[in-house]
Amino acid sequence: MNRRRFISGSTLLAAGWLTLPQLYSAPRFHEEGALPESAGRLNELFRSPSSQYRPFVRWWWNGNKVEASELIRELRLLKAAGIGGVEINPVAFPTRSEGDDLLKPSLEWLSREWSRMLAVVFEEAKRLDMTCDLIVGSGWPFGTENLAEEERSQVIVIAVKKVTGPAELSVSRQEIFAEAGPAVSNPWPGRKYSLLSVMLVPDPLTSPEDITDLSDRVGEEFFDLFIPGGNHALYALVLVSGFMEVINGAPGASGPVLDHFNRDAVSRFLTRMSDSIEPVTGPLAGNLRALFTDSMELEGSNWTGDMREEFTGRRGYDIFPFLPFVLFRTGSMGNVTDFRYGVEYGHDFLDMVRRMRYDFELTKAELLEERFLKTFAGWCSDLGVRSRMQAYGRGFFPLESSMAVDIPEGESWTMNWLKHRIGEEMPEADYRRGRAYTMVNKYVSSAAHLAGKRLISCEEMTDTYTVFNTSLENLKIGSDQSIISGITHSVFHGFNYSPPEAPWPGWIRYGGYFNENNNWWPHFHLLNEYKARLSALLQNCDMYADIALLPPMADMWSLIGMQNEPFPSVLHAEYLSLVWEAIAKNGSGCDYISERILQDARVEDRCICYGRRKYQTLFLVSVESLSPDTARRLLQFVRAGGRIFCIDTVPSKSTGWKNHESNDAEVRTMVEKMKAYPHRFIHLEKPENDYIGWYRKVQERYGINPWLTIEDPDPFLMQVRYSSDDGSEYLFMANSHLHEARFTRLHFSAALSRKHSISVWNPENGDRQSVDLDTDGGVTIDLGPAESLLFAFDREKAREEWRPLPVTGEGTMTIDKGWIAEFRHCRNGFEGKMEMEYLTDLKEIPEYVHFSGTVIYRTSMECNDPAMMILNLGKVYGTSELKINGESCGVKWYGRRIYSIEKYLRPGMNNIEVIVTTSMGNYMKSLTDNPVAQYWTNAGTKNQPLQPMGMTGPVTCYRNMK
């Protein structure tokens, strides 16, 4: 064979199939923590949650321009607002405020001065009964200016030049490097390029025998080649070392990103951090709850010094000669920019490449798990603190990685509120639209359930878009959706370190403008109290699920590579999230599982069992590829009486390249044996649309009994069930529509309602009220916009009966005229008054279209008999406080604005005041000389439409006859 034939360098090893190691043993006990002894004890905790359950905030130390007095002031400010803890997060100073930094010096990350600021915060947080977490490094992914060359992240990329022969081709190394890129988000100026191999191939490429290896010329500066007749392509494999810089790294923690595949480099980085801080602050164990690692947005990093040797040892063959064909062309965030880059492949060659791509992705995931993830978790354990991590991103096992840390974390986004219309749409065509939770949340929460963890954190309502237009109502809708996805604790994104003297509106890196200058800040505590009560309950229960979903992970890795970012640009089986949503919206619950979990699970009592999780039903979602070990476990499950539903396709092949013919045959044999049980191994066609209706038919046809039957399932009506250790059950339901109510009847299963008292627990104030079912065992609910319900099924009957305030009643009177509106600007104070002929959206009134602040609506109302009277404000954009005769009737900050007013009214004339706090975005758009305001409301993709403001009604008054 010609020495240039690259196939000669790809000898397969004789070793047999390498099975995955058992890296996670099934858990037996929950994480440490005192658990309530009874439903009564849990209700007590719900009424008065301790600070650990309150939301935390990501606390950006902008540019590390921090001072002790301001740190203390901001901690106290957060405590007063109902925040329970902070994630200390040093970050680069906002570029839009660079001229307004007040000449404050930047403290270098890990310097003694910077560590002393940590000590100040630790001491004050203890005094305030607040919790501290600390991010590892700064920005993302972490690195530092002083990394040695071998410690910097590496990526192998391809460059392809097509040419039609016969022709002469001349190309230089620099042209190859320029073509290779990669075009990452934040390239490091010091990146270094190396040419690893060069190959000439025909187009199409049908066999490895057709490849001419020119790699003995990689040291040449120019390549002058004669191209024979026909279509060809020159492939170059390029290594880029130090290819990306830390995104938004603070001083001392910027520079090139760390090589997360390098265990020694990771260990040195982490040890340097703790060794620098502890001499100043004392042991971190006494000061921090957790050390935190942000999402692993490694921008496609795929190489380390011994990657080739590790791959060969694990997979049984050398992938290096095949890498130019395994890799895709990638750009920002590691996204594939062109799936058709390069030549066309023949059928057999394409099958080989796809199987090798799976092996490559698997090897990367194993190395990251062993060398980064476990090193990080072990370091935290050695320090006596917990590990908290967003353990996902390209290169990571999307499910198992979250099992290895103490506090797994997902994320939700509010940047999509305007772009993706959260609260306004819930389409099936795009899994991202209308959802605040990201696709990773279900993986993260499922991993936590499998590992027996109850504290599941969330980077809540990440905001890089609607900063000044985000409302408390938006935050509630998004964080309620997070609960549905399995989240039990919120870390809001985020609070900017910004001294009061900073030019208005302050230093803003990004985030939902959690700032004392925000109009809704005085009411922020109401959202935090709501969230705290829910977290106190959920963190002391287990999310219930008796259905498991196996995503087509192996097929995705083979076909398009890893796509595990929060919002991937492309997915295999994009409808996956629609399946779990349809299950939840039809009154059941599910977890994701993986092949590794299945292989380590037990089959008992017709269930797949892992730890305390038991699944009676398993859905394979477009799964074509399985390992033989997984197929054998599935056959065991079916034979034991379990049921498997294969959506779209039935498994037909194995994973990976080595011994794939024999492995394929074994998988097909197992599948044929499962087909002998047609009532327990069932193929389902993938629906074209209406997943909720489709799943309901599946439930009814195959007897999949839900714990809750919703008479009128709806895309916006979502539920999740939790179980406590004493046998009590809890059902959280949310209407995530911003403007519309949802009216339906619920029927609870006997497992929920039998031997239980049913009550509604109110997360706003901790009250509980009993629920009496109808004669047919159901209850009718009318959930207003953005509203939620928490049903409790326990043995303690509430004394008070649940009687929601009605939307309409007897003798309805509309109060739509005669309102006097007084405008108090957020910065300028009193701005004017006007008489409104009709209640009108402020953005439709020219002189107030750019208003921001408080509007006081005043009118008077005559009442002869105050008994049972209700005032319904109709639609309000912003928070609303109602005052009658000068006495406050309370603040409403989401959903319907309905008040019981009988105890505030008096016979005769009554003075009515409605105090509405508006959003800030419309005003910020008008500040053309303020670069911060303009960036977040008018610039580029952040250019936002004018938003509705104020009370638009109709305001009605009626008598409650229920």
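This is a predicted model: local features need pLDDT of at least 70, side-chain atom pairs count only at pLDDT 80 or more; totals for chains, interfaces and linings use all residues.
Which residue stands opposite F222 of β7? It is S172.

β7 covers residues 222-241, and its partner here is β4. The two pair in the antiparallel sense, over 18 bridges. They belong to an open sheet of four strands. The order is β4-β7-β5-β6, and the pairing is antiparallel. Where are the edges of this sheet? They are β4, residues 154-172, and β6, residues 212-213. Each of these edge strands pairs on one side only.

α4 spans residues 173-180. Helix α4 lies across β4, β5 and β7, with β5 being residues 192-202. Its direction makes an angle of about 125° with β4.

Let me step back to the whole chain. How many helices and strands does it have? The count is 21 helices and 43 strands. The radius of gyration is 30 Å, close to the 30 Å that the globule rule gives for 962 residues, so the chain is as compact as a globular protein of that length. Along the principal axes, the C-alpha atoms fill a box of roughly 105 × 70 × 55 Å.

What about burial? Of the 962 residues, 64% are buried. The accessible surface comes to about 34300 Å². Carbon and sulfur atoms hold 48% of that surface. Residues 24 or more positions apart account for 81% of them.

Next topic: charges. Side chains of opposite charge can pair when their charged atoms come close. How many salt bridges does a search of the whole structure find? It finds 66. I will take three of them, then a network.

Start in helix α3, residues 112-128. E113 forms a salt bridge with R116 there. Their closest N and O atoms are 3.9 Å apart.

Move on to helix α8, residues 347-383. Here E361 pairs with K364 in a salt bridge. The closest N and O atoms are 2.8 Å apart. Again the spacing is three residues, about one turn of the helix. The surroundings are another matter. E361 has 8% relative accessibility, so it counts as buried, the cut-off being under 20%. K364 is buried too, with a relative accessible area of 9%.

R596 lies in helix α15, residues 595-600, and E400 lies in the loop between β11 and β12, so the pair ties together parts that are 196 residues apart in sequence. For reference, β11 is 386-389 and β12 is 407-413.

Last, the network. Which residues are linked in it? They are R58, E87, D133, R289, D294, R388, E409 and E459. Salt bridges make the links.

To recap, briefly. S172 stands opposite F222, in strands that pair over 18 bridges. Helix α4 lies across β4, β5 and β7.

Technical notes:
Residues are numbered from 1 along each chain as its sequence is written. Side-chain values use heavy atoms; hydrogens and water are left out. Two strands pair if DSSP finds at least two bridges between them. Contact means heavy atoms within 4.5 Å. Axes are lines fitted to C-alpha atoms, for helices over the stretch in contact, and angles run from 0 to 180 degrees between N-to-C directions. A salt bridge is a side-chain nitrogen of Lys or Arg within 4 Å of a carboxyl oxygen of Asp or Glu. Buried means under 20% relative accessible area, exposed over 50%, partly exposed in between (1.4 Å probe, protein chains only). The radius of gyration is taken over C-alpha atoms; the globule rule is 2.2 Å times the number of residues to the power 0.38. Accessible areas come from the Shrake-Rupley method with a 1.4 Å probe; for residues, only the protein chains shown count as cover.
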